[in-house]
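Subject: Structure handover

Hello,

Here is the structure for you to look at. Please open it first, then read my notes below.

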Amino acid sequence: MAEPDLAGDSKKNAAGNGVILMADEVGFMMNPSVKKTWAPESRTPVVPYRNRRQKKVSVLGAVALHSATGRIDLLCDFHPDSYVRSEQAAAFVHRVLAEYPQGPIDLVWDNLNAHKSKFVRELLVDHPRLTMHYLPPYAPELNAVESVWCLTKHHRMANHSIDDLDVLHAEARRHLDDVGSQQGLLKACFEHAGLALLKPRAQ
């Protein structure tokens with residue numbers, strides 16, 4: 001499989017009205033992500049929660065850069081009380097192909113086995129406009145979507161006291177929808193990964 005070359009792929013996709021996606025998984029846990037916060041002096045804040053380590057909402061998502069225009073989309077598939085496996089990864093690729101029915105697609109993600117399953121490989125054969133690139137091992141900082149996960153899971157939803165899986169699902173979706181509606185935040189996620197965005201070509 002090809003090594004990621006965002007600059008080269010961006011130029012190619014700009015010429016062909018294509019899209020570059022950087023994808024990964026995240027788990028929104030029933031146990032909250034705890035971080036420092038403000039509180040009145042001598043009153044230590046307490047985050048109440050029930051110990052449900054196995055309860056979570058898994059999300060497979062991607063930030064999608066339209067090279068010709070510079071617009072960025074956020075695509076997310078939600079899997080409450082489940083894990084992302086080969087079938088879910090292949091379903092996400094099917095969604096990407098449906099969302100972007102024309103032009104080249106470059107999908108960048110890590111070396112998780114589900115990303116290289118036979119279901120995914122079959123899609124590469126059936127859709128030659130789709131190219132997959134795999135990041136180096138242990139390099140999440142190179143993936144722009146990681147900043148989306150950090151912003152939602154470790155900041156917006158930090159210290160939550162949610163005790164219902166449906167509520168956790170709804171809150172994760174609400175915050176991701178909000179981040180996905182803000183182009184400035186999505187561009188900052190690319191910049192945080194050290195990825196320069198090309199200026200949109202003149203119309």
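pLDDT is the predictor's confidence in each residue, from 0 to 100. Among the elements of the protein, helix 1 (residues 6–15) has the lowest mean pLDDT, 55. Strand 3 (residues 72–80) has the highest, 97. The protein averages a pLDDT of 85, and 77% of the residues score at least 70. Where pLDDT is low, the predicted coordinates should not be read in detail.

Some ground rules. Residues are numbered from 1 along each chain as its sequence is written, and side-chain values use heavy atoms, with hydrogens and water left out. The model is predicted, so local features need pLDDT of at least 70 and side-chain atom pairs count only at pLDDT 80 or more, while totals for chains, interfaces and linings use all residues.

**Layout**

The protein has 6 helices and 5 strands. Both are DSSP runs, numbered from the N terminus: helices are H or I with at least four residues, strands are E with at least two. Along the sequence the pattern reads α-β-β-β-α-β-α-β-α-α-α. Of the 203 residues, 46% count as buried. Buried means under 20% relative accessible area, exposed means over 50%, and partly exposed lies in between (1.4 Å probe, protein chains only). Contact means heavy atoms within 4.5 Å. Among contacts between residues at least 6 apart in sequence, 75% join residues at least 24 apart.

**The cores**

A nonpolar core is a set of buried Ala, Val, Leu, Ile, Met, Phe, Trp, Tyr and Cys residues joined through side-chain atoms within 4.5 Å. The largest one holds 30 residues. Phe28, Val59, Val63, Val148, Trp149, Leu176 and Phe190 touch the most other members. Which elements give two or more residues to this core? They are strand 1 (19–29), strand 2 (56–66), strand 3, helix 4 (145–156), helix 5 (165–180) and helix 6 (183–192). Helix 5 gives the most, with 5 residues. Take Val148 as a way in. Leaving aside its neighbours within four places in sequence, Val148 is in contact with Val63, Leu74, Leu176, Val179, Leu186 and Cys189. A second, separate core has 25 residues, including Ala64, Phe92, Val93 and Val120.

**Helix 3**

Helix 3 (residues 118–126) has three named buried residues: Val120, Leu123 and Leu124. They lie on the same side of helix 3, because they cover an arc of only 100 degrees around the axis. That arc is of the directions from the helix axis to the C-beta atoms. Val125 and Asp126, on the other side of helix 3, are exposed. The buried residues pack against helix 2, strand 4 (105–109) and strand 5 (130–134).

His66 sits in strand 2. Is His66 buried or exposed? It counts as buried, because its relative accessible area is 15%. His66 touches Gly18, Val19, Arg71, Asp73 and Tyr100, not counting residues up to four places away in sequence. Gly18 is 48 residues from His66 along the chain, yet their C-alpha atoms are separated by 6.3 Å.

Gln88 belongs to helix 2 (residues 86–99). Gln88 is also buried, with a relative accessible area of 19%. With residues up to four places away in sequence not counted, Gln88 touches Leu60, His79, Ser82 and Tyr83.

Best wishes
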